[in-house]
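Please keep both in view while reading.

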Amino acid sequence: MNTRSLNDKWKFVKGTADIRAAAEADGEIVDLPHTWNAVDGQDGGNDYFRGSCCYIRQIGELPGEENFLQFDAAAMTAKVYLDGELIGSHEGGFSAFVIPIAHPGLLSVVVDNSEKASVYPQKADFTFYGGLYRGVKLLYGPASHFVPFSFTADYELAGDLKSAKVSLAAKAENADGQMVTFTVCDEETKYTASAAVQGGEAKADISVPNVHLWDGLKDPHLYTASAAMAGDSTEMKIGFRKMEADADKGFMLNGRVYPLRGVSCHQDIEGKGNALTDADFAGNMDKILEIGATAVRLAHYQHSQTFYDLCDENGIVVWAEIPFITMFRKEGREDTLLQMRELITQCRHHASIFCWALSNEITAASVVNDDLIENHQALKELAHKLDPSRPTSMASVFMLETDSPLLSVPDLNAYNLYYGWYVGELQDNDAFFDEFHAKYPDMPIGLTEYGADANCAYHSAHPEKGDYTEEYQCIYHEHMLKMIEERPWLWCTFVWNLFDFGADGRDEGGKHGLNQKGLVQINHETRKDAFYLYKAYWNRTEPFVHLCGSRYANRTEDVTEIKVYSNQPSVTIYMDGNPVKTLEDGPVFTMQLPISGDHVIECFSGKCRDAIRISHVSEADPSYTMPSRKEAVNNWFDEEIDPSCYSVEDKLGEIEKSPKAGPVVMAMMEKAAASRGDVATSVKDNPALQKMLARQTLISMLKQAGTDPEQIKELNRILQGIKKEN
């Protein structure tokens, strides 16, 4: 059908579902895309507006015999009125929906992002922006027309991947008996078939010899599939490829090993919320290509068709999912099925999409029971019915036991791990996957989230877990990349996150309302040092060098670490114009450099150059330290620790074995777990959590949690009064 944009000159009235009152109110004139949480959804306090708002626009003469309104998304529910009469509604804030419109008039759309038990997401670590944030268009055409979102082009590749059989189908209204011409073509070839509309649908098969494969970053070749009849036509891009996950080889594309090393993305930007433009999406794709990723996890909901198109065109493999996240509610079962149906119906043609994810961390605030498993099983069956060509997947929170029956539901599994940030030590990531792979050698396993927050203002010569410094984020990702490289059987890995994003309930790391795990700040421009680490590992086409620490200008140490990330074989360090040392064996190059004043540090490799300015200072720059840690010192104790007694420097696993010391610490941990924000985890009831925490020292846990030094000292004094048993 033909389209006309309806994105301009809407009257927006905040805080009302009364369309008559909204029509009389002054409101403000806005253009779409638009969200009412662009500011308050990113400023912290968990107090962003969640409720009903009204968009109003006059609809003039309708140009077609049949006319429809297409809403590309309305968060989270919408009711659509024409001249005061309800003409349609929709629940779910991330998929498109279409509503017939019969005559010109005053269009009023009530959009609501308040909590509703029957609509997902329910609870999660991101802002639930409200609004018409993806635009509205008018579809118009003749009485005989194709039904929106009904055109499909499924295919089977021959075993040698050299030819394909394409099964095309299109539903049509008022068109029985009409002939439909189906076409599959690219710049060099064109194949056609014809069929009559019978019972409201036309179907035909087309054989495509000498298939040009969609081959990831190397060659993301696309064909155009189309259907045409008298007065109407529709088309879409498709790509022929074979994707699979192997328990030993990892991800396979067109029969060869093709590691999925990717990033995750939310859909929001500083000051805009989730109301992104095509230019914003293009800028996001530029960062993905710059870093050299082969895949992207589009979390935690259906994203814009614009971005799926960009993934198709650039060869980026996609993990697609619905917002079935964190908390299970029986009332939301039908909504999960609706959102899965809409995701697949609207996106199945995208060559880039590999899998349909059933849920994310659904056991973070819920227990595994028959209802939860049944909901996942129903989603899997629906996905296979709508699209037999793709597997289902699931991202599990690290606390979910690896023998949980829930893991048997999806075709593929992956875990979100934050060892080395929220809990545990970095080495726990290695141990988790090695144990899983040894126990389940025939089950493909992936890593769907891992990350560490970093505020670009915070720096340290001695970074540690929980300090929010750029330097610790680098250390964290250096370990994780090495861990991943050593385990090629991980079928997918996704950094959490490419960009900082709005999470209005957060107030930590010196920022309000942000999750700062991004490799790029929420402005989507300022790259953190860790971004260049991934670029050094993954981008082999753009030579570069990056000197870390450009924002760590004032340094108290007499000898400072100089760190370079580069995809070049060697780099040469200069200080104040003089060569110092040539370093080899990257992509991480480090050296210790004495400093005494103001210096210019340069790095060269061939034509690549980078430079930073640093100064040796006598007192630490207070702006480099998170406020809650400014009074902290490296030595947390006034007196020496008696090794014959328990202390906070002992591992939790050793302490909990003690009949005297164990109850003291476990009671403290239970109290802390009960006070957590979105996820209250009982330690004693969670064997996986117990196992991981057992390897961590008590002081590392307390320091990461930002516990007051005096409280740590007091707990240490109590433990020092308990003798260790033989």
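## Backbone features in the loops

Lys-9 is exposed, with 60% relative accessible area; here buried means under 20% relative accessible area, exposed over 50%, and partly exposed in between, for a 1.4 Å probe and protein chains only. Lys-9 belongs to the loop between strand E1 (2-5) and strand E2 (10-14), and its phi is near 60 degrees, a positive value in a residue other than glycine. Helices (H or I, at least four residues) and strands (E, at least two) are DSSP runs, numbered from the N terminus. The model is predicted: local features need pLDDT of at least 70 and side-chain atom pairs count only at pLDDT 80 or more, while totals for chains, interfaces and linings use all residues. Residues are numbered from 1 along each chain as its sequence is written, and side-chain values use heavy atoms, with hydrogens and water left out.

Asn-46 also has a positive phi, near 55 degrees, and is not glycine. This residue is placed in the loop between E3 and E4 and is exposed, at 55% relative accessible area. Met-76 lies in the loop between strand E5 (66-71) and strand E6 (77-82).

## Nonpolar cores

In soluble globular proteins, nonpolar side chains tend to be buried together. A nonpolar core is taken here as a set of buried Ala, Val, Leu, Ile, Met, Phe, Trp, Tyr and Cys residues joined through side-chain atoms within 4.5 Å. The largest such core has 87 residues, and those with the most contacts inside it are Ile-288, Val-296, Met-340, Trp-356, Phe-433, Leu-498 and Trp-538. Helix H8 (residues 529-538) supplies the largest share of this core, eight residues. Apart from it lies another core, of 29 residues, among them Phe-146, Phe-151, Val-184 and Tyr-223.

Which residues does Met-340 contact, leaving aside its neighbours within four places in sequence? They are Ile-322, Trp-356, Ala-357, Leu-358, Leu-379 and Leu-382, where contact means heavy atoms within 4.5 Å.

## A buried loop residue

Tyr-468 is placed in the loop between strand E30 (445-449) and helix H7 (470-485), and this tyrosine is buried, at 10% relative accessible area. Beyond its neighbours within four places in sequence, Tyr-468 is in contact with Trp-421, Asp-453, Ala-454, Asn-455, Tyr-458, Glu-508, Gly-509 and Met-626. Tyr-468 and Gly-509 are 41 residues apart along the chain, and their C-alpha atoms are separated by 5.7 Å.

## Cysteines

A disulfide is a covalent bond between the sulfur atoms of two cysteines. Under the rule used here, a pair of cysteine sulfur atoms within 2.5 Å, the count is zero disulfides. Cys-492 is buried, at 0% relative accessibility. Cys-608 is likewise in no disulfide, with the nearest cysteine sulfur, that of Cys-603, 8.9 Å away. Cys-608 is buried, at 13% relative accessible area.

Gln-711 is found in helix H13 (residues 709-720) and counts as exposed, at 53% relative accessibility. From C-alpha to C-alpha, Gln-711 and Glu-331 are 43 Å apart in space, and they are 380 residues apart in sequence.

Ser-389 lies in the loop between helix H5 (370-386) and strand E28 (392-397). This serine counts as exposed, with 57% relative accessibility. Ser-389 and Met-575 are 186 residues apart in sequence, with 57 Å between their C-alpha atoms.
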